[in-house]
Amino acid sequence: MLKLATISAVLVSMMWSPAGAEINGVLRIGVLNDMSSVYADFQGQGSVVAAQLAVEDFAKLSKRKVEILSADHQNKPDIGAAIARRWFDVDGVDMIIDVPNSAVAFAVSDIARDKNKVFIGSGAGSSLLTGAKCSPNTVHWTYDTWAMGHGLARGVAQQGGKTWFFITADYAFGQDLEKQATDAVLADGGQVLGSVRHPLGTNDYSSFLLQAQSSGAQVMALANAGGDTVNSIKQAAEFNIGAEQKLVALIFDLQSVPALGLKAAQGITALNAFYWDMNDQTRAWSRRYQAHYEKKQMPNHMQAGVYSGAMDYLEAVEKVGSPTDGRAVVAAMKATPIDDILFGHVSVREDGRALHSMYLLQVKTPAESKEEWDVFKVMGTVPPDQAFRPLHDGGCPLVTDRN
């Protein structure tokens, strides 16, 4: 259950103890995510590859030894928490990164705070991580439910989609995503006619889709992610949903397109923090990632976020001089904005939110696509100050205590 797949960026001994790691100055990063279920293709081993590339690039800047560990949290908070505690207490891990599934992310964030380690959420989605549950030891990279819910819902509502029905994954992430989208719909004068919640990783969405269809809502919104989103869209096509109701996927990532096929996915709008084919730097890094990844896929924005977040963390450790004091490392990340090869200019706000641009994407038609992963066209850019929740609206104690 707690089997670890370990990738080392340097030649290190297989017989490590926490004391040995400290003596030899080895910094350890743990990539914790879903390796076997609904999010495996969207984070999984691909996020481990991204972290490995960060360690390789950091080795060009520093002589500090870094080791990557990885584990499958199975989308269960108790398992994720047990892995995090073992990594911090026994295996000498200094930072945990990725952690899709917000319920697991909340648990890891609390443990990192208690033990003064660092947690960087790239796959984690809930905006509560920089709101009521913010921590001086946590940085939220890539995206969050506020950005995705408000960004897409606002755009669809302004295009005439005024009545909504939500099909929502029944855990913290899905519930928060629905709330954020609902707030945007209501603010634009729209109306939510209802919602239904489904178990994570279910195989049959027919009853949920039929409830949404019978509501008569103009917009059927999917407040889920990964394989749940793909399967929802596939089954929606069987009910001919889309002919009279607009189907909106609030979370839609690169790997969703080949899973559906371009013909079925064409025209779908998405909001992502990164697309591999945006410029020469993103293309060069992504080709390198693809060459390292056994599945030969291109990276999505969450996997790219693992690379960028790990690089910023490692550079902050160099500034502080040691990974021992997690709060000091996060404070260094907040104090020093970076110009990242994948995300552009990034600054970390006092609530832990990493600020960067987001991109409005649209799935290409089969005729427009030139190769397997040539699936999106960039339709617009959302600047950082518009992409994420205003600092004082989240209720983060790190902010309210000081203002």
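pLDDT is the predictor's confidence in each residue, from 0 to 100.

View 1. The protein chain averages a pLDDT of 91, with 93% of its residues at 70 or more. Residues 1-23 stay under 50. Where pLDDT is low, the predicted coordinates should not be read in detail. Residues are numbered from 1 along each chain as its sequence is written. The model is predicted, so local features need pLDDT of at least 70 and side-chain atom pairs 80 or more, while totals for chains, interfaces and linings use all residues; side-chain values use heavy atoms, leaving out hydrogens and water.

View 2. Strands are DSSP runs of E, at least two residues, and helices are runs of H or I, at least four, numbered from the N terminus. Two strands pair if DSSP finds at least two bridges between them.

**View 3. Zooming in on β15 and β16.** Six bridges join these antiparallel strands. Look for Gln362, whose bridge partner in β16 is Lys377.

View 4. Angles run from 0 to 180 degrees between N-to-C directions, with axes fitted to C-alpha atoms, for helices over the stretch in contact (heavy atoms within 4.5 Å).
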